[in-house]
Amino acid sequence: MMAVSILRLHFMVDRSFPLTSFSGVFVYKLALTALARINSVLADDLHSPKPFKPIVCSGVRVGGKLLRHGAIMKPEVTYSTKIALLDDVAFKALLKSIFSKMSVRIPAANVFISSAEVEVKNLQSLIGESDLRIKKFRVDFLSPTQLGKAVQIKDTKPIFRLFPDPSSLFRNLARYWNAFSREKIDVEKLVFWIENRVHECAYSLRTVPVVLGESRRTIGFMGYCEYEIRDYEQEEIKWLLTLLKFSKYAGVGKHRALGMGEVDIKYLEI
């Protein structure tokens, strides 16, 4: 049974330290460090280059507000984050590591886990009902997001978009879904339908710089975009709804593992 497993953490640290990169990078390193205590091979495999990594990290939040940069402060502050995995073996090893000590030693500090919650969603349970009539929906981009653009010419460097046009958004989600689900989506068929039936109708977005560490920098967008569906009688609406639900756990776009692409979904007209 394919599933996405989510670990929500609240934590404190024993000393303050500056964030040298986006806080999602810190969470990713925290997850790999904890996993390596149990199984270093699994941690190395998770870190190795892959078209679609089975790990999705959120940035660090304080009182619900995303901490993009700055510093992690010592015990007076409690932070929260979440780590999602689409690899059951790795997730069980991560849980074993976290719950055995409720702390993780990183070079900068000791991270003390004050509480941890687990949620497991079977991917099959996310598959939408085709008779649910959604006319409008909104995607809130909670952390910096960057989408790839399909490139037809060979040997062309990838092109990245800073606007969530619906075809780019759902192409990315469908490809990520297909990498981990047994029930596959016909990506090109879905994208063709979306190009002709779904369009953005309102948005408020801003671009933000993102430091990924090791001299790597990129840029993403945050804010929201509203979309309207012109035809909800077709089979494709089932997959659109499925991917919207999936996105809340799996994120959107590039660098999911490093905390980029975190989204929330609102249905505006049903």
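**Entry 1: helix α5 against α6**

I started with helix α5 (residues 187-197) and α6, which pack at an angle of about 95° with their axes 10 Å apart. The axes are lines fitted to C-alpha atoms, for helices over the stretch in contact, and the angles run from 0 to 180 degrees between N-to-C directions. Helices (H or I, at least four residues) and strands (E, at least two) are DSSP runs, numbered from the N terminus. α5 and α6 are therefore roughly perpendicular to each other. My angle classes are under 35 degrees for roughly parallel, over 145 for roughly antiparallel, 65 to 115 for roughly perpendicular, and oblique for the rest.

I listed the contact, meaning heavy atoms within 4.5 Å. From α5 come Lys189, Leu190 and Trp193, and from α6 come Glu236, Ile237, Trp239, Leu240 and Leu243. These residues divide into six nonpolar, no polar and two charged. Here Ala, Val, Leu, Ile, Met, Phe, Trp, Tyr, Cys and Pro count as nonpolar, Asp, Glu, Lys and Arg as charged, and the others, Gly among them, as polar.

**Entry 2: ground rules and confidence**

This is a predicted model, so I noted that local features need pLDDT of at least 70, side-chain atom pairs count only at pLDDT 80 or more, and totals for chains, interfaces and linings use all residues. Residues are numbered from 1 along each chain as its sequence is written, and side-chain values use heavy atoms, with hydrogens and water left out.

pLDDT is the predictor's confidence in each residue, from 0 to 100. The protein chain has a mean pLDDT of 92, and 95% of its residues reach 70 or more. Among its elements, β3 has the highest mean (98) and β12 the lowest (82).

**Entry 3: helix α4 against α6**

Next I took helix α4 (residues 166-180) and helix α6 (residues 236-250). Their axes come within 10 Å and cross at roughly 75°. That makes α4 roughly perpendicular to α6. On the α4 side I found Phe170, Leu173, Ala174, Tyr176 and Trp177. They meet Trp239, Leu240, Thr242, Leu243, Leu244, Phe246, Ser247 and Ala250 in α6. The contact has 11 nonpolar residues, two polar and no charged.

**Entry 4: α1 against α2**

α1 and α2 have axes 6 Å apart and pack at an angle of about 150°. They are therefore roughly antiparallel to each other. α1 brings Tyr28, Leu32, Leu35, Ala36 and Ile38, while α2 brings Ser40, Leu42, Ala43, Leu46 and His47.

**Entry 5: pockets**

Rolling a probe the size of a water molecule over the atoms shows where empty space is left. The search uses a 1 Å grid over the protein atoms alone. A cavity is a set of points where a 1.4 Å probe fits but cannot get out, and a pocket is an open set with protein on both sides within 12 Å along at least five of seven lines. Lining residues have an atom within 4 Å of a point. Grid points are joined across faces, edges and corners, and a volume is the space filled by probe spheres set on the points.

The largest pocket holds about 1,100 Å³ of space. It is lined by 38 residues, with Lys50, Pro51, Lys254, His255 and Arg256 closest to its centre. α1 gives the largest share of this lining, six residues. By class, the lining has 17 nonpolar, 10 polar and 11 charged residues.

The second largest pocket has about 250 Å³. Of its 13 lining residues, Phe17, Phe26, Lys29, Ile106 and Ala108 lie nearest its centre. Again α1 gives the most to the lining, here five residues. The lining divides into nine nonpolar, three polar and one charged.

**Entry 6: cavity**

How many cavities of 30 Å³ or more are there? I found one. The largest cavity holds about 120 Å³. It has 17 lining residues, and Val56, Ser58, Lys82, Lys248 and Tyr249 lie nearest its centre. β1 (3-13), β3 (55-57), β7 (79-85) and α6 each supply at least two residues of that lining. The classes are eight nonpolar, five polar and four charged.
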